[in-house]
Amino acid sequence: MEAPTAAMVWFRKGLRVHDNPALDAARRGAGRLYPVFVLDPRYLRPDPAAASPGSARAGVARVRFLLESLGDLDARLHRLGSRLLLLRARDDDDAAGAVCAALKDWNIGRLSFESDTEPYALARDKKVTDFAMSSGIEVFTPVSHTLFDPADIINKNGGRPPLTYQSFIAIAVEPPEPILEEYSELPPVGDTGEYELLPVPTVEELGYGDISQEEISPFQGGETEALRRMKESLQDKEWVAKFEKPKGDPSAFLKPATTVLSPYLKFGCLSSRYFYHCIQDVYRSVRNYTKPPVSLTGQLLWRDFFYTVSFGTPNFDQMKGNKICKQIPWSENEELFVAWRDGRTGYPWIDAIMIQLRKWGWMHHLARHSVACFLTRGDLFIHWEKGRDVFERLLIDSDWAINNGNWLWLSCSSFFYQYHRIYSPITFGKKYDPNGNYIRHFIPVLKDMPREYIYEPWTAPLSIQKKAKCIIGKDYPKPVVDHDTATKECRKRMGEAYASNRLDSYSSKGKPSNLSRRKWSHGDQDASNSSIARQLKTSRSD
DNA sequence: TAAGATGTTGTCTGT
DNA sequence: AACAGACAACATCTT
């Protein structure tokens, strides 16, 4: 062994220099530092068979966001005398293989990477950890993606994840302070031998063609932009102090009603702990401020809530085998599903949101609620997993725990059960944006439809449709379902499904709540390990 | 144990 | 403009 230790920091999420415990640990006492990111072909390769531009895993907006984030990380490392080493996985989904090979070839003594609780990541990281252990490489995997350690919260809750927000925040009180130290330099990068070091590719170089003409996400990836955006948002102290998530305007797109920091949190361009810390600074300087669950910090706690529940719940991302998920006989209808996915339901409010999703990879939270409700319990009665898949691929802030958690919520499968509260695809958007500016922007064919018909263009007289150069049924689709009758039918089916779920619980003796509690208590001895084991068994293979 | 309070973000009508 | 109550009614937690 050489005297100065070679350390590797493996970036996956956590694409930042600030408040990065994995980087911080790797640099300490290291003679040489290898900052690595692995490009996964399956994530980046264009998939012509996909329903919209992008790879099999990600829409082109998120591919671009990731590449921008990597470019920015590389630039920031350069300023500290380092650089990002991009490796290419030889096979699809085999980042672990590339890391293991580099560990061996570069004679790495210490490896650190941020802990990741997603099933896919747990399986991937286990391969690397097993290899490192057997090779005598020291491994450090700090928790820094979330405010709290999900395993720790589960332990403090008696081995079960808290299933309500209130019970969660009763345990999750004060998150750890971020690392505030700013580096002036990092250890030099060591010899990389035979390795071909790739520059960060552009979307064009990856084969997506020229996307500069298309309207794509206005949000630029990277830590630099994340910090700029956060500071800009927090500058308006009154806005921060008065922030109430449910009161935001989902139709605001020129200036969104939220911070739009979610994609930066998803990739870890922004540390949630640093963000939390900075919000607290603002709160200290004002007299009154809103509180969780509606406040800005409340949003970060929701994020941690879903991370924690997803970590402690086997089969969290599916209905079957998921103990916290209502079993509902969703109907199969490919035609209706495709109309929803492609923004052709005939309801302009719904379609505009789906088109914003495809182009920008981002929509306001309440807009997501509208379309999720419409697809599932509100109108089409289609399985939430189908909608989840579409969001998972297209959102730039696509986050496994949060996306699945919200689909469970919106479909009234878990967490939220008031299925008679249904968003209207006509009036909900209208109350924020009576003129329909949002619709006119994302569905240009409707741009000249008069204000009184913009949310229900099929009710416009033919003469008006002609004048607006938009014939319903030809230039823009007729509604795929009648909302009033579809909603009634959905309510009825939800009622039946709930009754059947109650019956199932009672018939297997005991009260439903007690039953599920008994089942949970089996894994109490070592909650974190047992849930890791469970998660590993259910890791995604798509 | 039964009853009451509570739950981030529904819609419609009426004041 | 902002709010209250009806609508029809869920699960979970506390008392």
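Biologist: How is chain A divided?
Modeller: This is a predicted model. Chain A is split into domain 1 (1-144), domain 2 (146-178 + 223-312) and domain 3 (334-495).

Biologist: Let's take domain 2 and domain 3. How many residues does each bring to the contact?
Modeller: Domain 2 brings 23 residues and domain 3 brings 26 residues.

Biologist: And what separates their centres?
Modeller: The centres of domain 2 and domain 3 are 27 Å apart, taken over C-alpha atoms.

Biologist: What area is buried between domain 2 and domain 3?
Modeller: About 2,100 Å². Carbon and sulfur atoms give 73% of that area.

Biologist: Which three residues of domain 2 supply more than any other three?
Modeller: Pro250, Phe253 and Phe306. Together they supply 36% of the area that domain 2 buries against domain 3.

Biologist: New topic. How many salt bridges across that interface?
Modeller: The rule finds 0 salt bridges between domain 2 and domain 3.

Biologist: Which helices supply at least two residues of domain 2's side?
Modeller: Helix 11 (262-266) and helix 13 (296-312) each do.

Biologist: Where does the largest share come from?
Modeller: Helix 13, with 7 residues on the side of domain 2 that touches domain 3.

Terms used: Residues numbered from 1 in each chain as written. Chains lettered and ligands numbered in written order. Predicted model: local features only at pLDDT ≥ 70, side-chain atom pairs only at ≥ 80, totals over all residues. Heavy atoms only, no water. Domains from an automatic or database assignment. Contact = heavy atoms within 4.5 Å. Buried area = accessible area lost by both parts, 1.4 Å probe. Salt bridge = Lys/Arg side-chain N within 4 Å of Asp/Glu carboxyl O. Helix = DSSP H or I, 4+ residues; strand = E, 2+ residues; numbered from the N terminus.
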